[in-house]
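Dear colleague,

I am handing over the structure below, together with some notes on what was found in it. Please look through it first, and then read on.

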Amino acid sequence: MATLLHAKRRVSAARRSWWVDGLEALVWLSAATGIAFMIASGGLSYVETPADGAYALGRALGIVGAILAMAQMLLASRVPWVERALGHDGAIARHTRLGTVALVLMLIHLVLMTTITAGYDGRSVAAQLTAWPEYGWFMLAAQVGAVAFIVVLVTSFSAVRMRIPYERWHAVHLLVYVGVAFAVPHQFLEGSTFRDGGAAWWFWALWWTVAWVSLLGYRVVRPLVLFIRHGLVVESVTPHVDGSTSVTLSGRNLERLRAQSGQFFLWRFLSPGLRGQQHPFSLSAAPGDRLRITVKPSGDGSRAMASVTPGTRVWCEGPLGIFGEPTRTQDSVVLVAAGIGITPVRALLESASPDDDVTVVVRARSREEAPLLEEIEELADARGADIHLVLGPRGTGWSSIDQPLTLTDIVANPSACDVYICGPREWAESVQADAARAGVAPSSIHREEFGW
Ligand SMILES: Cc1cc2nc3c(=O)[nH]c(=O)nc-3n(C[C@H](O)[C@H](O)[C@H](O)COP(=O)(O)OP(=O)(O)OC[C@H]3O[C@@H](n4cnc5c(N)ncnc54)[C@H](O)[C@@H]3O)c2cc1C
């Protein structure tokens, strides 16, 4: 039985990595196909001068930029086949990377097309920008889209982003979809590649349909369905001595959410002050007919969780994340947590089967500052898991001055374990480096970041 489970985990880990490679290959293949369609429609046949070459380059960059924009919409859509392959943090990291390249390519496309067409028509760039009535409304729409892209690009530079509260930055960031919506019509109505029906038109229409349906379906329609179907409400709010607060939620048929320990949701509490904010919080207990989160006050939104009242309705997106069973490769598990990073670890410990060989490592300055510690100890006791409390001020590695430890001091054979790490970034990096030194394969080291 155990061997079967082991083989199943290995196969699903391999399948996941094929999915990741497959998705990347699909994006670049689609970009190449788009350019092939451009060439097939005579996109290079007129090239005689350097200006013609720059014009053709501008068109090609526009096509690649649009494919990357479609891909970044898919990555941000929370569509399950992307989430399961990459994990939410992996998808968001790629979304950020591809999104930036897409915006830059589309802006270069705009600059090249405008300046070279202005040269062809013998007028200034400003005159070219206002000559949209000669082409049609869709060119004005494309220019409005470009303005949205510039605003998003500028506010995404970390120097600017850090100065803006997260919610405001996110609201501005959503302009990228407005920009994309305004840019799409000119792709079908101007230029020769995707205008006249046929294979190129269908290829382009299919890609845009998949991107928009995924985005709207999983960011708008599905959360609305969950809201109506499950009627999630706050059942109780429990403060803890370390300053964190647990919020228990109840609703109808919560098992149909198919949430797993280690996962998180994006929560919106419909109470005054919190209605306008959405926050990611991991489940801090194994999901069943109730869901529970535990929140440490770190800013306005998380601080307000302590004053949420029972009966408050809750909007959510999820479950999200692949921290836990979906990424297991080994029979033994080491769960390492610090601070509020204990939340997914506590849920994973609760749902561990009696056959699982589990070791839990909790890092804190003192017992009093460790959230949910008593619950962790009880669960470890009930499941026969090894528990190691590493207390005291910071040392040189991830452990403390008082107890300088490495993973090899705690687990006999780290290379035969999956190591799940959740805690502050610098600390988690140190545990990850220690796990790698101890011989744990990269595919068996899993980190949940409480930020992206
Ligand atoms: C996957 C994941 C799971 C998490 N689980 C927990 C948990 O179980 N318990 C817990 O206490 N904390 C958890 N966090 C951290 C928690 O989401 C942030 O501390 C909280 O959103 C901060 O909001 P704030 O208004 O209190 O602070 P702010 O000062 O407004 O925000 C501080 C920072 O938090 C991040 N943040 C805020 N809102 C969001 C958002 N909607 N999406 C992404 N990042 C955001 C931003 O980087 C922001 O700069 C988790 C974070 C992630 C990404």
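With which side chain does the side chain of Arg-447 make a polar contact? The partner is the side chain of Gln-432, at 2.7 Å, where a polar contact means a pair of N or O atoms within 3.5 Å; within protein, one must be able to donate a hydrogen and the other to accept it, and residues adjacent in sequence count only if both atoms are side-chain atoms. Arg-447 belongs to strand S11 (residues 445-448); helices (H or I, at least four residues) and strands (E, at least two) are DSSP runs, numbered from the N terminus. Beyond its neighbours within four places in sequence, Arg-447 is in contact with several residues, among them Asp-89, Phe-323 and Gln-432, contact being heavy atoms within 4.5 Å.

Before going further, please note that this is a predicted model, in which local features need pLDDT of at least 70 and side-chain atom pairs count only at pLDDT 80 or more, while totals for chains, interfaces and linings use all residues. Residues are numbered from 1 along each chain as its sequence is written, and side-chain values use heavy atoms, with hydrogens and water left out.

The domain assignment, which is an automatic or database one, gives domain 1 (10-220), domain 2 (231-320) and domain 3 (325-447). Between domain 1 and domain 2 the C-alpha centres are 36 Å apart, and their contact takes seven residues from domain 1 and nine residues from domain 2. The area buried between these two domains is about 540 Å², with 56% of it from carbon and sulfur atoms; buried area is the accessible area (1.4 Å probe) that two parts lose on being put together, summed over both. Of the area that domain 1 buries against domain 2, Arg-78, His-88 and Glu-167 supply 70%, more than any other three residues.

Across this interface of domain 1 and domain 2 the rule finds one salt bridge, that is, a side-chain nitrogen of Lys or Arg within 4 Å of a carboxyl oxygen of Asp or Glu. Arg-78 also forms a salt bridge with Glu-317, where the closest N and O atoms are 2.4 Å apart. On the side of domain 1 that touches domain 2, helix H3 (80-121) and helix H10 (198-230) each supply at least two residues, and H10 gives the most, with three residues.

The structure holds 19 salt bridges. One of them joins the side chains of Arg-9 and Asp-331 (3.9 Å, N to O), and this pair links distant parts of the chain, 322 residues apart, with Arg-9 in helix H1 (residues 2-40) and Asp-331 in the loop between S6 and strand S7 (332-338).

There is also a ligand, surrounded by 22 residues, of which the closest are Gln-278, His-279, Pro-280, Lys-296 and Ser-302; a residue is counted here if one of its heavy atoms lies within 4 Å of the ligand. Backbone N or O atoms lie 2.3 Å from a ligand nitrogen atom at Gln-278, 2.7 Å from a ligand oxygen atom at Pro-280 and 2.9 Å from a ligand nitrogen atom at Thr-294.

Two points of backbone geometry remain. The peptide bond from Gly-318 to Pro-319 is cis, with omega near 5°, and Pro-319 lies in strand S6 (residues 314-320). Arg-258, although not a glycine, has a positive phi of about 50°, and its place is in the loop between strand S2 (245-250) and strand S3 (264-269).

With best wishes
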